[in-house]
Amino acid sequence: MSDLDQMYQQIILDASRERHGEGYLEHADGESFQVNTTCGDQATMRVVLSEDGKRFEHVAWEGQGCSISQASLSIMHDLIDGHSIEDFDQLYAAFRNMMDSRGVEIDDDVADLLDDASAFQGVSKFPMRVKCALLGWMALRDATDQALHHHS
């Protein structure tokens, strides 16, 4: 295993243990429960948007599953909490493209944008694990769409 692969593996393991953003969020504007039927990973994402509906005021998740799904939720939380929906849209597209790449190396600009989420690049080589990494992102996309609908 290369030094870079070991570093990425350590980022994922650390994030799955630290579980940033985990907890229950009352009075959410949007909520989504997602299950990976292949392996049983689960995630519930709750969001509260700013009054103007353009920023994440609060984001929280509850979940269980493998280290990949839990780490992805934790890292995603750190990337988007307090940021704009527009920022999330850009991150979501970049992460989704990376997961669909089947292990093709991402360029430096995408790696910079994704920050620690770029550690999941190696996961994209394994189609069964891609679903684990995407679980929280799909939950956040759905919860955000619900919250935006709630605000309109």
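In the predicted model, strands S1 and S2 form a hairpin in which six residues lie between the two strands. Glycine 40, located in the turn of this hairpin, has a positive phi of about 95°. Strand S1 comprises residues 30-35, and its pairing with S2 is antiparallel, with six bridges. Within this pairing, glycine 30 has valine 47 of S2 as its bridge partner.

Strand S2 also pairs with strand S3, which spans residues 56-64. This pairing is likewise in the antiparallel sense and extends over eight bridges. Arginine 46 stands opposite alanine 60 of S3. S2 and S3 form a hairpin with six residues between the strands, and glycine 53 in this hairpin adopts a positive phi near 75°. Strand S2 covers residues 42-49, and seven of its eight residues are buried, so the strand is largely enclosed by the rest of the structure.

On the surface, a patch of negative charge is formed by Glu18, Asp78, Asp81, Glu105, Asp107, Asp108, Asp109, Asp112, Asp115 and Asp116. Helix H4, residues 108-114, gives the most to this patch, contributing three residues. Another member of the patch, glutamate 18, belongs to helix H1, which runs over residues 3-18. Glutamate 18 has a relative accessibility of 48% and therefore counts as partly exposed, since the exposed class requires over 50%.

Terms used: Residues are numbered from 1 along each chain as its sequence is written. This is a predicted model: local features need pLDDT of at least 70, side-chain atom pairs count only at pLDDT 80 or more; totals for chains, interfaces and linings use all residues. Side-chain values use heavy atoms; hydrogens and water are left out. Buried means under 20% relative accessible area, exposed over 50%, partly exposed in between (1.4 Å probe, protein chains only). Helices (H or I, at least four residues) and strands (E, at least two) are DSSP runs, numbered from the N terminus. Two strands pair if DSSP finds at least two bridges between them. Patches are made of residues with over 30% relative accessible area and no salt bridge: like charges are joined within 9 Å, nonpolar side chains (Val, Leu, Ile, Met, Phe, Trp, Tyr) within 5 Å. Accessible areas come from the Shrake-Rupley method with a 1.4 Å probe; for residues, only the protein chains shown count as cover. A salt bridge is a side-chain nitrogen of Lys or Arg within 4 Å of a carboxyl oxygen of Asp or Glu. Lys and Arg count as positive and Asp and Glu as negative; His and the chain ends are not counted. The place of a charge is taken as NZ of Lys, CZ of Arg, CG of Asp or CD of Glu.
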